Each structure stands twice: as C-alpha cells, then as structure tokens.
Amino acid sequence: MGHSNSNIEPLLAGSPRHVIHACQTPSSRGSLSYTDRLVLRQDLLHEKDAFVTNIPKVELHLHLEGTLTAELRWKLGKKNGVPLGLKRGGTYKEFETLEQLKSSYALIQPRPGHGFDHAEERFTFFEAYYTGFEVLITSQDFYELAMNYFERAATMNVRYCEPFFDPQGHTRRGVAFEPVIDGLRRAQIEARESLHVESKYAICFLRDMSQESAMEHYELALQARDVIIGIGLDSNEYRRPPSLFEAVFTRARAHEHIRHVVSRVGGTGAERLDHGLNDAEKTELVDLIHDKGIGMTVCPWAYVRHEPLDEIFPRIRTLYDAGIKVAINSDDPAYMDDSWITHNLLVTKRMCQFGDGDGVLDTTCH
Ligand SMILES: [Zn+2]
C-alpha cells in the first residue's frame with residue numbers, strides 16, 4: 001500500500017495481500033482492533049438489512065483455500081493424520097483442540113511486524129494460509145473445501161462465483177493436479193444442480209515459483225477448460241513482478257478460452273483490476289481506469305483489518321463516483337475475521353452511505 005510512484009503497473013498488479021507484503025512502510029495507526037472489528041461485524045448483522053441480505057450476488061474475488069474454516073481444517077487434518085499447528089519462528093505450536101485452532105485465526109497479523117506490541121505472538125497471513133493447504137490431500141478433500149464454500153455461498157444468495165485456487169501450492173506438496181481438479185469439478189457440478197450456485201474457477205500462479213512451473217500448470221489448466229476460466233497471480237509479490245510471467249499471460253491472452261482476469265502484464269490486456277484501492281488517490285489513475293472501462297474488485301474487509309475506516313471507504317466512494325465499475329468481494333473470508341461477501345457489502349453500504357439503489361450494490365446482482 002502507499003505506492004507513491006506514478007507508474008501504473010504496480011497499482012494494477014495485485015490484491016492487497018500481495019501488495020501488503022511488499023510494502024515496507026505501512027501504518028496501522030487508527031485501524032480497528034480485532035475486538036472492535038468483531039463488534040462492527042456483529043453490529044452490521046444486527047441491522048438486518050434485507051436488501052443486502054437478499055440480493056443475488058456475484059463473487060469475483062475469493063481464494064478457495066482462503067475459505068478453509070477452522071472446523072473443516074480440523075476435520076480434514078484429523079482424517080488425514082496431518083498435524084494441526086503453526087510454525088512460529090523456529091518453533092512449532094501444535095493445536096490440541098478445535099478451540100485452539102479457532103482462536104489462532106484471530107491471531108493472524110494483518111501486516112507482518114507492524115502494529116502489534118507482541119508481534120512474535122502472532123502469525124503471518126501466509127503462514128496461516130499455506131499451512132492450511134497441508135490438510136488437503138485427496139479429491140474428496142478438495143470437493144469438501146469447495147462444497148463448504150458453495151453451501152455458504154448459497155445461504156448468502158451468491159448466484160455466480162469465480163473462486164481462485166493455487167494449484168502449485170498443492171503440486172509442490174506432492175498432491176497431483178488431477179485429484180485437485182476432480183474434487184473441484186465434482187463440487188462445481190453439484191453446487192450448480194443442488195444449490196443453484198454457478199461457478200467457474202481461476203487458477204493463480206505463485207509468484208515465488210518459476211515461470212516454467214507457471215507454464216506447466218497453465219498446460220494442466222488447459223486440460224480442464226470445462227471448469228477453469230482464467231489465470232492470475234498469487235502469493236508474495238516482493239521482487240516478483242507480474243512481468244516475470246509475461247510468457248504465460250501472452251499465451252493465455254492468445255487463447256480464446258482462458259481469460260486473463262486477474263492482473264495486468266505489459267502495456268495492454270487488463271480486463272479487470274483486483275483491489276487497487278490506492279488508485280483512488282490519483283486522479284489520473286481513476287480517469288485511466290474509467291476511460292479503459294476496467295472493472296475493479298474491492299475486498300473491503302482485507303483493508304479493514306489494517307487501515308482506518310475513514311481512509312478506506314472514501315476511496316471506494318471516489319471510485320464509484322468516478323463511474324468506475326466496482327464489485328465488492330471477500331478475498332480470504334475464513335482468515336479475515338470470518339467476513340464473507342455479505343459482511344463486505346454491509347460495511348461498504350454503511351461506511352460509504354450507499355442507498356439500496358446505488359450501483360455499487362446493484363452491480364453485484366446477476
Ligand atoms: Zn486476493
């Protein structure tokens with residue numbers, strides 16, 4: 001966050017968690033404490049906003065592995081004999097109960113090393129997120145991960161979604177691509193038929209792995225075009241700019257069945273900008289995004305965790321008032337105070353003072 005250069009590329013390049021971890025000068029002063037965030041979350045639900053609760057929704061920015069709840073992680077970990085714990089510095093802390101695992105989700109620090117008096121007692125987002133991968137082994141596990149999300153999506157009236165997943169995060173652990181995609185495909189079909197939740201997946205390449213590995217996984221994705229619609233980038237962006245992956249994106253752009261949905265590489269081709277809330281601070285960027293007709297996904301709760309509310313929401317309002325297409329989404333809800341698309345919409349509506357007829361809410365309608 002806090003990019004100060006005028007080069008558009010980094011601003012178009014990633015989601016907050018990619019940006020956060022690359023940033024060396026964050027300020028968490030003025031952001032809500034964990035307790036205050038839970039109070040806000042509860043307060044939003046108490047409003048019983050029928051409009052936001054009931055509207056059909058589209059979820060365009062959600063990492064499937066970021067929907068792994070403590071309950072499901074516990075269940076799969078026990079089933080597969082995977083120890084449940086988190087590495088912290090040089091030590092490893094094993095969780096003995098589901099409650100301990102659950103409470104660890106509250107200890108995930110929004111920004112490594114910043115904003116906490118006892119940072120060593122907290123876990124980084126990436127530690128929590130990637131450790132969660134380890135419980136996912138069989139096709140059935142991936143099916144359950146996806147179904148767990150689709151069932152929740154149905155309760156929120158999400159009618160269409162494009163969840164991301166990180167295939168390399170699984171293959172590098174020795175889990176083949178096939179069981180991953182088989183489980184996800186099965187869940188996708190079942191969700192469509194029994195829950196009326198339509199979905200297409202997008203794969204994210206891990207920035208900390210090689211371009212060759214990205215290309216290999218792109219080839220695998222081509223064989224699963226019935227379920228995969230797009231590609232993007234995930235993980236730590238530090239010293240790993242999107243330009244490193246130019247070759248795979250160029251191939252994808254040339255391919256009519258794979259959309260380049262997530263981030264921009266090179267001079268052209270962005271169809272969508274994920275997060276990028278800082279763009280609102282620069283008029284020329286706002287104008288450029290508007291003029292190019294680029295849609296944006298914004299996941300407010302990812303910012304609520306580490307920025308003051310009065311810095312986040314005016315920026316969303318600015319983008320909306322400039323006529324930019326903004327879709328409100330949820331990113332990694334299981335790791336972000338259990339805040340899903342409905343919570344993200346509620347907080348945006350309240351803080352930006354949107355009415356029921358405002359387009360930022362309407363754009364989520366299918
Ligand atoms: Zn994201």
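**View 1. Alanine 187 and the residues it touches.** Not counting residues up to four places away in sequence, alanine 187 touches Tyr143, Ala146, Met147 and Phe150; two residues are in contact here if their C-beta atoms, placed from the backbone, lie within 7 Å. This is a predicted model, in which local features need pLDDT of at least 70 and side-chain atom pairs count only at pLDDT 80 or more, while totals for chains, interfaces and linings use all residues. To find your way around, note that residues are numbered from 1 along each chain as its sequence is written. Alanine 187 is found in helix H10 (residues 177–195); helices (H or I, at least four residues) and strands (E, at least two) are DSSP runs, numbered from the N terminus. With 27 other C-beta atoms within 10 Å, alanine 187 is buried (20 or more such atoms within 10 Å count as buried, 12 or fewer as exposed, and in between as partly exposed, with C-beta atoms placed from the backbone). From alanine 187 to phenylalanine 150 there are 37 residues in sequence and 8.1 Å in space, C-alpha to C-alpha.

**View 2. Helix H5 packed with helix H6.** Two packed helices are described by the angle between their axes and the distance between the axes. For H5 (residues 70–80) and H6 (residues 98–105), the angle is about 135 degrees and the axes are 9 Å apart. Axes are lines fitted to C-alpha atoms, for helices over the stretch in contact, and angles run from 0 to 180 degrees between N-to-C directions. That makes H5 oblique to H6 (under 35 degrees is roughly parallel, over 145 roughly antiparallel, 65 to 115 roughly perpendicular, and the rest oblique). Ala70, Glu71, Arg73 and Trp74 in H5 meet Leu98, Leu101, Lys102 and Tyr105 in H6. These contact residues divide into five nonpolar, no polar and three charged; Ala, Val, Leu, Ile, Met, Phe, Trp, Tyr, Cys and Pro count as nonpolar, Asp, Glu, Lys and Arg as charged, and the others, Gly among them, as polar.

**View 3. An open sheet of three strands.** The strand order is S1-S6-S8, and the pairing is parallel; strands pair if DSSP finds at least two bridges between them. Strand S1 (57–59) and strand S8 (198–199) stand at the edges with a single partner strand each, so one side of each is left without a neighbour in the sheet. Three bridges join S1 to S6 (residues 158–161), and lysine 57 has valine 158 in S6 as its bridge partner.
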